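The following paragraphs lead the reader through a protein structure step by step. Please keep the sequence and the three-dimensional view at hand while reading.

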Amino acid sequence: DKIYFLAAVENTTSTYDDGEVLGSFIGALALDTFEVKFTQKISETHKFEGLTLYTNSKEKIEFLLCEDKDTEILETAIYKLTLDKNFKN
């Protein structure tokens, strides 16, 4: 019943040129109304731009994340993010 999303923040006025990474957020929208249900900062230093569902249970939901390191190297580390479904924001 939710659409999860990532948002990365960079210190730049350009929509094309990269800037200093200021952090990444995860959030969720209600599927039926697109109301923002929550946002949470998940990193001060990583620029996460890839998100996929890993596990989904009654108590928690887990995602795999990948980072855009803004380099010519076409490699990334994969991170796991766990969210408690009973957490009230």
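Rings of Phe, Tyr and Trp (its six-membered ring) are said to pair if their centres lie within 6.5 Å; planes over 60 degrees apart count as edge-to-face. This definition will be needed further on. The model examined here is a predicted one.

Let us begin with the overall plan. The protein chain contains six strands and zero helices. Read from the N terminus, its elements follow the pattern β-β-β-β-β-β. Along the principal axes, the C-alpha atoms of the protein chain fill a box of roughly 40 × 25 × 20 Å. Of the 89 residues in the protein chain, 24% are buried.

The strands may now be taken sheet by sheet. Three strands, in the order E1-E2-E3, make up an open sheet with antiparallel pairing. Strand E1 (2-11) and E3 are the edge strands, and each of them pairs on one side only. From one strand to the next, the twist averages 25°. E1 and E2 run antiparallel and are joined by 10 bridges. The pairing can be followed at lysine 2, whose bridge partner in E2 is alanine 30.

Another open sheet of three strands has the order E4-E5-E6, and its pairing is antiparallel. E4 and E6 each have a single partner strand, so one side of each is left without a neighbour in the sheet. Here the twist averages 30° from one strand to the next. Seven bridges connect E4 with strand E5 (residues 60-67) in the antiparallel sense. In this pairing, glycine 50 has cysteine 66 in E5 as its bridge partner.

With the strands in place, we may turn to the aromatic side chains. How many aromatic pairs does a search of the whole structure find? The search finds three. In one of these pairs, the ring centres of tyrosine 4 and phenylalanine 38 lie 6.3 Å apart and the ring planes stand at 65°, so the pair is edge-to-face. This pair links distant parts of the chain, since tyrosine 4 belongs to strand E1 and phenylalanine 38 to strand E3, 34 residues apart. Tyrosine 4 counts as partly exposed because its relative accessibility is 22%, whereas phenylalanine 38, at 15%, counts as buried. The rings of phenylalanine 48 and tyrosine 79 form an edge-to-face pair as well, because their centres are 5.1 Å apart and their planes meet at 75°. This pair, too, links distant parts of the chain: phenylalanine 48 is in strand E4 (residues 48-56) and tyrosine 79 is in strand E6 (residues 78-84), 31 residues apart. Phenylalanine 48 has a relative accessibility of 4% and therefore counts as buried; tyrosine 79, at 27%, counts as partly exposed. Finally, ring pairs join Tyr4, Phe38 and Phe63 into a cluster.

Charged side chains provide another set of contacts. Side chains of opposite charge can pair when their charged atoms come close. The structure holds nine salt bridges. One of them joins lysine 37 to glutamate 35, with the closest N and O atoms 3.9 Å apart. Lysine 37 is partly exposed at 44% relative accessibility, and glutamate 35 is partly exposed at 45%.

Is lysine 80 buried or exposed? Lysine 80 counts as exposed, because its relative accessibility is 52%. Its side chain meets that of glutamate 62 in a salt bridge (3.7 Å, N to O). The pair links distant parts of the chain, with lysine 80 in strand E6 and glutamate 62 in strand E5, 18 residues apart. Glutamate 62 counts as buried, because its relative accessibility is 7%. Elsewhere, salt bridges that share partners bring Glu10, Asp18, Lys47, Glu49 and Asp68 into one network. Lysine 47 is buried, with a relative accessible area of 2%.

The last stop is the surface. Which residues form a nonpolar patch there? The patch consists of Ile3, Leu31 and Phe34, which together have about 290 Å² of accessible area. Phenylalanine 34 lies in the loop between strand E2 (20-30) and strand E3 (36-43). Because its relative accessibility is 53%, phenylalanine 34 counts as exposed.

Note on methods:
Residues are numbered from 1 along each chain as its sequence is written. This is a predicted model: local features need pLDDT of at least 70, side-chain atom pairs count only at pLDDT 80 or more; totals for chains, interfaces and linings use all residues. Side-chain values use heavy atoms; hydrogens and water are left out. Patches are made of residues with over 30% relative accessible area and no salt bridge: like charges are joined within 9 Å, nonpolar side chains (Val, Leu, Ile, Met, Phe, Trp, Tyr) within 5 Å. Accessible areas come from the Shrake-Rupley method with a 1.4 Å probe; for residues, only the protein chains shown count as cover. A salt bridge is a side-chain nitrogen of Lys or Arg within 4 Å of a carboxyl oxygen of Asp or Glu. Helices (H or I, at least four residues) and strands (E, at least two) are DSSP runs, numbered from the N terminus. Buried means under 20% relative accessible area, exposed over 50%, partly exposed in between (1.4 Å probe, protein chains only). Two strands pair if DSSP finds at least two bridges between them. Axes are lines fitted to C-alpha atoms, for helices over the stretch in contact, and angles run from 0 to 180 degrees between N-to-C directions. Rings of Phe, Tyr and Trp (its six-membered ring) pair if their centres lie within 6.5 Å; planes under 30 degrees apart count as stacked, over 60 as edge-to-face and the rest as tilted.
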